[in-house]
Amino acid sequence: MGLIKDIYSVSFYENFSKAVAEVYPTFDRQKFISAIYKGDFALKEWKERMKHTTVVFHQFMPQNFPEAAALIDKIIENLRQNNFADSNLAFIFFADYIEMYGLDDFETSKKAFVSVTQFISCEFAVRPFILKYKGQMIEEMIKWSLHENHHVRRLASEGSRPRLPWAMAIPFLKKNPSSILPILENLKNDPSEYVRRSVANNLNDIAKDNPEIVLEIASRWKGHSKETDGIIKHGCRTLLKQGHPEILSHYGLESTNIELSSFEIKTPTVKIGDYLQFHFHLNNKNEKSKTVRLEYAVHYKKAKGHLAKKVFKISEKIYHPNQLTKIERNQSFKLITTRVFHAGTHQLSIIINGTESEVLEFELIF
């Protein structure tokens, strides 16, 4: 499998420049490709290559932004006719173009977003506009949430997420997300799962700073439809992992008379690169069947010696009275780019409907 930066290949630029020249005859393909590869292109990572493509592309486009935006629409239409797939990540520089060169032209940019996002998603590019235009931009996004195209509707939700990963923060929405709630209300019954998942992710973002708002929404939306219930469940996943009492109550998740036994770590000493192995028994001692959300927490030792808790879901299902079940799990300690492991004493616990059980220790070694 190739590196993501390699989507910007010689063949990509050749095919792209050919499509541009077909609708923009003064576009100099050879000079464009030469400018792309001038300097240290080979050393650039994916995002650097994307930004570089935006800047070079701008050098060959009309410098008047409304003219450039209209031309981008024509280029996209020609790309489609030449069987370039929608949502091809390489074309994210179209969204970046609007962000870089259209920020001072709100009227043109808002139309460009609607057009371009139907070809390549623009959720990162809209965020500087939210920061600059605030309520004016959010009002526009509320309109997008009613658009006939599902990509535009998703942009309304995804672009307004208070904590969109890998994107610039929107501090005023983290503090008070009330202005974007109409977007979520408009989309809570959206026919597209793609859109509904974005709504859930937006709710989950809000829950991290304003859990009371999401709890109120969960209460109000409950039972509205199967799809809306799914949005709530996914949107409350952080609150569920945190064992938030109100959301546990919302789903009838209580740990009374759910018995944990034979909890054992089979590998009390684990080498970095290997697996932690553990097992336990679970028994519903209630007279009625109970829904049990079962998780485990690894308390990782950090560089400064303190422990940091990370919760992993095992299952959520119905356990019948006196149903004794053995659960076995392996937790990987293979080296990955997103987590640094530190040797020393770690901890493991089982979480039953938000209630953390007995804590066991294990040693992680090199």
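**A tour from the aromatic pairs to the open sheet**

The structure holds 40 aromatic pairs, where rings of Phe, Tyr and Trp (its six-membered ring) pair if their centres lie within 6.5 Å. This is a predicted model, in which local features need pLDDT of at least 70 and side-chain atom pairs count only at pLDDT 80 or more, while totals for chains, interfaces and linings use all residues. Residues are numbered from 1 along each chain as its sequence is written, and side-chain values use heavy atoms, with hydrogens and water left out.

**Stop 1: F57 and F94**

Select F57 and F94. Their rings form an edge-to-face pair, 6.1 Å centre to centre with 65° between the planes; planes under 30 degrees apart count as stacked, over 60 as edge-to-face and the rest as tilted. The pair links distant parts of the chain, with F57 in helix 3 (residues 46–59) and F94 in helix 5, 37 residues apart. Helices (H or I, at least four residues) and strands (E, at least two) are DSSP runs, numbered from the N terminus. F57 is buried at a relative accessible area of 0%, and F94 is buried at 0% as well. Buried means under 20% relative accessible area, exposed over 50%, and partly exposed in between (1.4 Å probe, protein chains only).

**Stop 2: helices 5 and 6**

Axes are lines fitted to C-alpha atoms, for helices over the stretch in contact, and angles run from 0 to 180 degrees between N-to-C directions. At the contact (heavy atoms within 4.5 Å), F94, A95 and I98 in helix 5 meet S109, A112, F113 and V116 in helix 6.

**Stop 3: V114**

Next select V114, also found in helix 6. At 17% relative accessibility, V114 counts as buried. Leaving aside neighbours within four places in sequence, V114 is in contact with W144, H147 and V152.

**Stop 4**

An open sheet of 5 strands runs in the order 2-8-7-4-5, with mixed pairing; two strands pair if DSSP finds at least two bridges between them. At the edges are strand 2 (269–271) and strand 5 (307–319), each pairing on one side only. From one strand to the next, the twist averages 30°. Strand 4 (residues 290–301) pairs with strand 5 in the antiparallel sense over 12 bridges. To end, select V292, which stands opposite K317 in strand 5.
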